[in-house]
Amino acid sequence: MNKKDVLLLAAASVVAAATGFASHAGLNAVLLFVLAAVSLVLVAMIVGKATEQLGSRMGPAATGVLQSALGNLPELFVCIFALRAGLDMVVKAALVGSILGNSVLVFGMAILFGGLKNGRQYFHSEPPKMNAVLMILAVAAMAVPTLTFYLHTPAESHLNKLDIIVAVVLLIVFGAYLTFSIKGDKAIMPDKNGETEEATWSLPTTLIILAASGVGAAFVSDWFVQALKPAMDSLGINDVFAGLIVVAIAGNAIENLVGIQLALKNKADYAVSVIMNSSLQIALVIYPLLILLSFFLGGAILSFVLSPLLLAALALAVLTSAFIVFDGESIWLEGVALIGLYIIIATAFWWG
């Protein structure tokens with residue numbers, strides 16, 4: 001374990017301890033919220049690092065599976081505690097915001113900074129094209145309950161059952177995607193065995209840190225949600241904007257940082273893969289899983305029914321990013337356009 005890893009673990013431990021103290025001491029809600037957000041970001045970075053270390057012993061395909069299962073742990077915990085607190089609108093906005101943030105803001109920043117430093121960037125287009133098509137299909141599936149509700153079809157009185165069916169289908173699609181990723185056509189899923197970095201942590205150290213960071217993520221997520229509503233009231237931020245922007249960015253910190261760093265290093269294939277896979281995991285795993293869990297958590301019942309503007313923002317984000325990846329190349333101007341779209345959408349939700 002190098003010095004940077006030790007400093008990251010120490011910083012996360014100190015900030016998490018400070019957050020726990022602030023939570024039990026009843027300190028200012030905004031201060032607690034900031035501490036919890038920073039702690040959440042640090043825990044997410046540790047989870048990502050530990051996952052890479054464990055995955056490097058198993059090859060790139062298994063690493064992808066591990067990232068799917070563990071990379072979104074902090075956001076999953078935040079959404080679970082938010083649902084138990086009855087903040088279902090925050091959860092919906094956070095899930096849409098995660099997809100929006102990755103597909104538009106982070107992708108735009110990666111293209112902008114990578115393009116300014118390295119010029120026109122090229123990437124193998126088949127994997128992101130497949131991800132883009134799956135994202136479009138996922139958004140189409142999630143749109144059905146929304147249209148059912150707003151068009152007042154006969155299925156409106158059976159929305160809970162429809163949500164469950166959509167959730168199960170999306171999880172099955174993700175299972176098929178994982179199978180294809182591991183055993184699929186090498187023309188679409190190219191072999192990257194030679195590019196896997198060697199593990200620098202011992203296996204026992206990796207497992208202990210992974211388990212501890214998972215427990216830490218649960219505690220920090222609970223404190224984050226406890227501070228969320230008071231901080232929103234104090235700062236005058238509405239539920240939708242808080243979920244769409246604040247919670248989404250904090251919960252996806254590791255993907256945000258890694259994607260931009262990879263683009264700066266001119267590793268466009270990896271940058272696009274990390275960013276688009278994060279969105280796909282939210283759409284095909286986290287959102288459907290939370291729909292099913294919400295029936296047992298004892299709080300608000302989550303639904304795929306979104307406001308028209310949220311659904312439109314989701315569709316615009318997915319379609320715009322799909323158009324950019326289909327040609328297998330990017331320029332910095334496309335990044336500027338994506339960031340501009342994100343600012344416009346975020347502004348539209350500032351007032352509710």
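**Exercise 1. How many residues does helix α12 have, and what does it reach from its first C-alpha to its last?**

Solution. This is a predicted model.
- Helix α12 covers residues 308–325, which is 18 residues.
- The helix reaches 26 Å from first C-alpha to last.
- At 1.5 Å a residue, 26 Å is expected, and the model comes close to that.
- Residues buried in α12 include L310, L311, A313 and L314. A317, V318, S321, A322, I324 and V325 are also buried there.

**Exercise 2. Describe how α5 and α12 pack.**

Solution. Two numbers come first.
- Two packed helices are described by the angle between their axes and the distance between the axes.
- For α5 and α12, the angle is about 35° and the axes are 9 Å apart.
- The crossing of α5 and α12 is left-handed.
- From α5, the contact is made by V96, I99, L100, S103, V104, F107 and I111.
- From α12, the contact is made by L310, A313, L314, A317, V318, S321, I324 and V325.

**Exercise 3. Find the aromatic pairs, then classify two of them.**

Solution. The structure holds four aromatic pairs.
- The ring centres of F174 and Y177 lie 5.9 Å apart, with 40° between the planes. Planes under 30 degrees apart would count as stacked and over 60 as edge-to-face, so an angle between these limits counts as tilted. F174 and Y177 are therefore a tilted pair.
- F174 and Y177 sit three residues apart in helix α7 (residues 159–183), so about one helical turn separates them.
- F174 and Y177 are both buried.
- F241 and W350 are 4.8 Å apart, centre to centre, with 85° between the planes. That pair is edge-to-face.
- F241 belongs to helix α9 (residues 239–251) and W350 to helix α13 (residues 332–350). The pair therefore ties together parts that are 109 residues apart in sequence.
- F241 has 13% relative accessibility, so F241 counts as buried. W350 has 41%, so W350 counts as partly exposed.

**Exercise 4. Which residue forms a salt bridge with R120, and which parts does the pair tie together?**

Solution. Start with the charges.
- Side chains of opposite charge can pair when their charged atoms come close.
- The count comes to one salt bridge.
- R120 pairs with E329, and their closest N and O atoms are 2.5 Å apart.
- E329 lies in strand β2 (residues 329–330), while R120 lies in the loop between α5 (88–118) and β1 (121–122). The pair therefore ties together parts that are 209 residues apart in sequence.
- E329 is at 23% relative accessibility, so E329 counts as partly exposed. R120 is at 44% and also counts as partly exposed.

**Exercise 5. Is L203 buried or partly exposed? Where does L203 sit?**

- The relative accessible area of L203 is 38%. Buried means under 20%, so L203 is partly exposed.
- L203 is in helix α8 (residues 203–235).
- L203 and Q53 are 150 residues apart in sequence. In space, their C-alpha atoms are 8.4 Å apart.

**Exercise 6. Summarise the whole protein.**

- The protein has 13 helices and two strands.
- Of its 352 residues, 51% count as buried.
- Among contacts with a separation of 6 or more, residues 24 or more positions apart account for 82%.

Definitions and conventions: Residues are numbered from 1 along each chain as its sequence is written. This is a predicted model: local features need pLDDT of at least 70, side-chain atom pairs count only at pLDDT 80 or more; totals for chains, interfaces and linings use all residues. Side-chain values use heavy atoms; hydrogens and water are left out. Helices (H or I, at least four residues) and strands (E, at least two) are DSSP runs, numbered from the N terminus. Buried means under 20% relative accessible area, exposed over 50%, partly exposed in between (1.4 Å probe, protein chains only). The expected span of a helix is 1.5 Å times one less than its number of residues. Rings of Phe, Tyr and Trp (its six-membered ring) pair if their centres lie within 6.5 Å; planes under 30 degrees apart count as stacked, over 60 as edge-to-face and the rest as tilted. A salt bridge is a side-chain nitrogen of Lys or Arg within 4 Å of a carboxyl oxygen of Asp or Glu. Axes are lines fitted to C-alpha atoms, for helices over the stretch in contact, and angles run from 0 to 180 degrees between N-to-C directions. A crossing is left-handed if the near helix is turned anticlockwise from the far one by less than a right angle, and right-handed if clockwise. Contact means heavy atoms within 4.5 Å.
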